[in-house]
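Q: I would like to learn how to read features in a protein model. Can we go through them one at a time?

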Amino acid sequence: MDSRQIVAFGGTPDAAQLEVVFGLAGGRKVLFDHAASPAFEDSELDADVTHLSFYPWPPPDLRELALAHDVILVAGGNTANMLAVWRVHGFDRILREAWEAGVVLSGWSAGMICWFEAGVTDSFGPQLEGLQDGLGFLSGSACPHYDGEELRRPAYRQLVRDGFPSGIALDDGAGAHYRGTALESVIVSSPGAGGYLVTADAETRVA
């Protein structure tokens, strides 16, 4: 069985969804990255959490730190800024190594988009734009907050119709579990929430 796993959430995951992540990881040692939100306030997780900050500089043992955890959890925020910071410090390569070593990669919003080739983001201002600069661990595109922000669905549908890569959209109460690069299941925490495969001519609910 492929040990590479990613669990991406459309919105902030609740305790039950995080329990699924910990179960898949087989442990509760979490490296919590908030490069997308440098002013992120500590949140309480029922886990052994190490907070990762790149400010004013990353820890000297960044690779060893990442590989020593069961889960790397990525907070929401500015996706483009986060990717730039990661690449400057080589954390993009470390994340791939951790993924291939069996560390579960997870996150919401920016922490959903980043694993894909492309995504819908407000990184450049209040307007939504297509970003085609993701890590590319998973093919296609991603759109979080599908039911939580009024403009997300129409913006994503229009982008894909105009030639943006097809992909997956997740409501705020939904997450997608990938084993290897294949979608294995959708994790739903609220009634009516779901995931959707979006192509140029169709939107297909998968949960």
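Q: In which loop is Ser 109 found?
A: This is a predicted model. Ser 109 is in the loop between β5 (104-108) and α5.

Q: Is Ser 109 buried or exposed?
A: Buried means under 20% relative accessible area. Ser 109 has a relative accessible area of 11%, so this residue is buried.

Q: Where does His 145 lie, a residue that is not a glycine but has a positive phi?
A: His 145 lies in the loop between β8 (138-143) and α6 (152-161). Its phi is about 55°. His 145 counts as buried because its relative accessibility is 13%.

Q: Which residues are joined by a cis peptide bond?
A: Here the angle to read is omega. Tyr 55 and Pro 56 are joined by a cis peptide bond, with omega at about 0°. Pro 56 is in the loop between β3 and α2 (62-67).

Q: Which residues of helix α3 are buried?
A: To read a helix, look at its residues, its cover and its two ends. In α3 (residues 79-88) the buried residues are Thr 79, Ala 80, Met 82, Leu 83, Val 85 and Trp 86. Their cover includes β2, β4 (71-74) and α4 (91-100), along with α5 (110-113), β6 (116-121) and β7 (129-131).

Q: What is found at the start of α3, and what follows the helix?
A: At the start, a side-chain oxygen of Asn 78 comes within 3.2 Å of the backbone nitrogen of Ala 80. After α3 comes Gly 90, with a positive phi near 75°.

Q: How far from Asp 171 is the nearest side chain of opposite charge?
A: For a charged residue, look for its partners. Asp 171 lies in the loop between β9 (167-170) and β10 (174-179). The nearest side chain of opposite charge is Arg 205, 4.7 Å away. A salt bridge has to be within 4 Å, and Asp 171, although buried, has none. The side chain of Asp 171 does make a polar contact of 3.0 Å with the side chain of Tyr 196.

Q: Which residues form a nonpolar patch on the surface?
A: A patch is read as a group. Leu 183, Leu 197 and Val 206 form this one, and together they have about 200 Å² of accessible area. Leu 183 is in strand β11 (residues 182-188). Leu 183 counts as partly exposed because its relative accessibility is 33%.

Key:
Residues numbered from 1 in each chain as written. Predicted model: local features only at pLDDT ≥ 70, side-chain atom pairs only at ≥ 80, totals over all residues. Heavy atoms only, no water. Patch = residues over 30% accessible without salt bridge, like charges linked within 9 Å, V, L, I, M, F, W, Y side chains within 5 Å. Areas by Shrake-Rupley, 256 points an atom, 1.4 Å probe, with all protein chains shown as cover. Helix = DSSP H or I, 4+ residues; strand = E, 2+ residues; numbered from the N terminus. Buried < 20%, exposed > 50% of the residue type's maximum accessible area, 1.4 Å probe, protein only. Lys, Arg positive; Asp, Glu negative; His and termini not counted. Polar contact = N/O pair within 3.5 Å; in protein donor to acceptor, adjacent residues only side chain to side chain. Contact = heavy atoms within 4.5 Å.
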